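I opened this one to see how the pieces sit together. Notes follow, in the order I looked things up.

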Amino acid sequence: MADNAFLDKGVILGFCFFTDPHHRECRRYLFSDETEYFATEQVENIFRNAKDSIIEEHRRGILRNLQQVKVNYEGELTESDIEEIQSEIDRDENSAWRYLEDFYEDKAGRGVYEVTDELREVIREIEQRAEARKETLYSTFQGWLRISSHESVQDELTQLRAQDEEDFWIVIDAHDVAANVPGETELATTNPAEFADDQIKEEVLGATAIDSIQLVFVSRDYSPLALRNNPSDGSVPTDVSGDNT
């Protein structure tokens, strides 16, 4: 990792919400090294503006899954039941999909009502735990207020600006850190849509003082089963809450 890292809002929100698909990656990234972390001073606004919609989406996704399990299963859940439940979680429609798939990993042999009651408790805890994690995050990074507008750099980021105005300003902020703080600086983002694009990466790294782009995200190819069979990668979920990983 670089000496400094500028965090985009996806990393901030992914860390705060334990039901976010990227939560585990964000936790590992933020507590894995001696890197100095920076983020815009607008973190409170980012959290407040996104909080209600994220909570609603995740609650709705978990509740839908809970109701499906209560209707379709009874008694103790078997390994076959678990695989079926995990396979039926819609990764496009359910924004808590990764949390739910991990959640069911150790639920074989447990009763349907016990498992669904546990999910109800998860729904109740989302907001409280997000607020607590936000406070933890404040002690992890330094708030950064842009020093210069970097107009010449703005003029060179034409592809990125045309593609996503919000990401454009994140890059300008990250460049401001890179230009003013000693050491190498990377931009940390959960957004592969723009930043895994070779042309966008080339434009950003060529026009700015940012040394690298670090993608902190879980791919749609993710499989709890694959991780269970390959514990050597160090990512096996031992606690789906994310508190002990």
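Which residues of the largest nonpolar core touch the most other members? I found Leu7, Phe17, Tyr29, Leu30, Ile62 and Tyr104, out of 47 residues in that core. For the record, this is a predicted model, where local features need pLDDT of at least 70 and side-chain atom pairs count only at pLDDT 80 or more, while totals for chains, interfaces and linings use all residues. Residues are numbered from 1 along each chain as its sequence is written, and side-chain values use heavy atoms, with hydrogens and water left out.

**Entry: the core**

I took a nonpolar core to be a set of buried Ala, Val, Leu, Ile, Met, Phe, Trp, Tyr and Cys residues joined through side-chain atoms within 4.5 Å. Buried is under 20% relative accessible area, exposed is over 50%, and partly exposed is in between (1.4 Å probe, protein chains only). Helices (H or I, at least four residues) and strands (E, at least two) are DSSP runs, numbered from the N terminus. α3 contributes the largest share of this core, nine residues. Apart from this core I found another, of 20 residues, including Phe6, Val153, Leu157 and Ala207. As a reminder to myself, nonpolar side chains tend to be buried together in soluble globular proteins.

Next I checked Ile62, skipping its neighbours within four places in sequence. Ile62 is in contact (heavy atoms within 4.5 Å) with Thr19, Asn94, Ala96, Leu100, Leu119, Val122, Ile123 and Ile126.

**Entry: Asn65**

Is Asn65 buried or exposed? Asn65 is buried, at a relative accessible area of 5%, and it lies in helix α3. Not counting residues up to four places away in sequence, Asn65 touches Ile85, Ile89, Leu100, Tyr104 and Leu119. I also looked at Glu88, which is 23 residues from Asn65 along the chain; their C-alpha atoms are separated by 8.9 Å.

**Entry: the sheet**

In what order do the strands of the open sheet run? I read β3-β2-β1-β4-β5, five strands with parallel pairing. Two strands pair if DSSP finds at least two bridges between them. The edge strands, each pairing on one side only, are β3 and β5 (212–215). From one strand to the next, the twist averages 30 degrees. I took axes as lines fitted to C-alpha atoms, for helices over the stretch in contact, with angles running from 0 to 180 degrees between N-to-C directions.

I went through the pairs one at a time.

- β1 (residues 4–7) and β2 are parallel over three bridges, and Ala5 has Tyr37 of β2 as its bridge partner.
- β1 and β4 (residues 185–189) also run parallel, joined by four bridges, and here Ala5 stands opposite Glu186.
- β2 and β3 (residues 141–144) pair in the parallel sense over four bridges, with Ala39 opposite Gly143 of β3.

Four of the five residues of β2 (residues 36–40) are buried, so this strand is largely enclosed by the rest of the structure.

**Entry: helix packing**

How do α1 and α2 meet? Their axes come within 8 Å and cross at roughly 105 degrees, which makes α1 roughly perpendicular to α2. My cut-offs: under 35 degrees is roughly parallel, over 145 roughly antiparallel, 65 to 115 roughly perpendicular, and the rest oblique. Gly10, Val11, Gly14 and Phe15 of α1 make the contact with His23, Cys26, Arg27 and Leu30 of α2. α2 is mostly covered, with seven of its eight residues buried.

Then I looked at α3 and α6. They pack at about 170 degrees with axes 10 Å apart, and are therefore roughly antiparallel to each other. The residues of this contact divide into 15 nonpolar, three polar and nine charged. Ala, Val, Leu, Ile, Met, Phe, Trp, Tyr, Cys and Pro count as nonpolar, Asp, Glu, Lys and Arg as charged, and the others, Gly among them, as polar.

**Entry: His150**

Last stop was the loop between β3 and α7 (151–156), where I found His150. His150 has a positive phi of about 50 degrees although it is not a glycine. With a relative accessible area of 14%, His150 is buried.
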